[in-house]
Amino acid sequence: MDRNVNIITDLDEKQLVLIKDIRFKGKHREEWKEIEQYLKQYVGNFYEIAETLDKIFISSDFPDEYANSENRIKLKGPVAKAKANASQGIAELVQIAKNEQYSENRKKRHQKDAKYGWYRYDVRFALPVYNDKCNKIERYNIYFANMLVRHADDGKKYLYDFLGIKKETSSPLES
């Protein structure tokens, strides 16, 4: 697993995951199949949220949900590209998750896989913006997302998806 990812703290003392490579453009269906394949390397692992010490497991349904959910299919342009490249920092995004919010399971089809409900956490990540002329990093755009975790009937919490990805309007990180 070749990744160029770090957890950093910004000037406001907030953590974010700095993803230093644009590996995926996120524009074509075929590329999302590649992203799904890439995510399979995480299956079977677990990562701990630093704030709550909860262990978040990665199950075999995560890559498919991440790459093929209704939410992802609706994404366009830079936000689709952001989600595609956020896949490189799954472990770090779980670690920096903040502001746990619980909600009960409302759909019958999730009776087993989310028997004990859902958790949402706030995460932030940054992606490079390249200067087209010299192909050097000009700055980093910062994105906010909700990390969605399901609490299954086996008592474990499983990473489900990243939703609501939005570019922050604050000043981008300068390289």
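Author: Before we start: helices, of at least four residues, and strands, of at least two, are DSSP runs numbered from the N terminus. Also, this is a predicted model.

Reader: How much of the chain is buried?

Author: Buried residues account for 46% of the 175. The accessible surface is about 9800 Å², and carbon and sulfur atoms hold 46% of that surface.

Reader: What's in the largest nonpolar core?

Author: The largest nonpolar core counts 38 residues, and among those with the most contacts inside it are Phe62, Tyr66, Ile90, Phe125 and Met147. Several elements each give at least two residues to this core, including helix H1 (29-39), helix H5 (90-96) and strand E7 (136-151). In soluble globular proteins, nonpolar side chains tend to be buried together.

Reader: Pick Met147. What is it in contact with, beyond its neighbours within four places in sequence?

Author: The contacts of Met147 include Ile49, Leu93, Val94, Tyr119, Leu159 and Phe162.

Reader: Switching topic: how do E6 and E7 run, and how many bridges join them?

Author: E6 and E7 are antiparallel, with 14 bridges joining them. One example is Ala126, whose bridge partner in E7 is Ile142. The two strands form a hairpin with four residues between them, and Asn135 in that turn has a positive phi of about 55 degrees.

Reader: And what about E7 and E8?

Author: E7 and E8 are also a pair, antiparallel over eight bridges. Phe144 stands opposite Lys166 in E8. Their hairpin has five residues between the strands, where Gly155 in the turn has a positive phi of about 85 degrees.

Reader: Last one: where does Ser87 lie?

Author: Ser87 is in the loop between H4 and H5.

Reader: Buried or exposed?

Author: Ser87 counts as buried because its relative accessible area is 0%, and the cut-off for buried is under 20%.

Reader: Which residues does Ser87 touch, not counting those up to four places away in sequence?

Author: Ser87 touches Phe24, Ile35, Tyr38, Leu39, Tyr42 and Tyr66.

Methods: Residues numbered from 1 in each chain as written. Predicted model: local features only at pLDDT ≥ 70, side-chain atom pairs only at ≥ 80, totals over all residues. Heavy atoms only, no water. Core = buried A, V, L, I, M, F, W, Y, C linked by side-chain atoms within 4.5 Å. Buried < 20%, exposed > 50% of the residue type's maximum accessible area, 1.4 Å probe, protein only. Contact = heavy atoms within 4.5 Å. Pairing = 2+ DSSP bridges. Areas by Shrake-Rupley, 256 points an atom, 1.4 Å probe, with all protein chains shown as cover.
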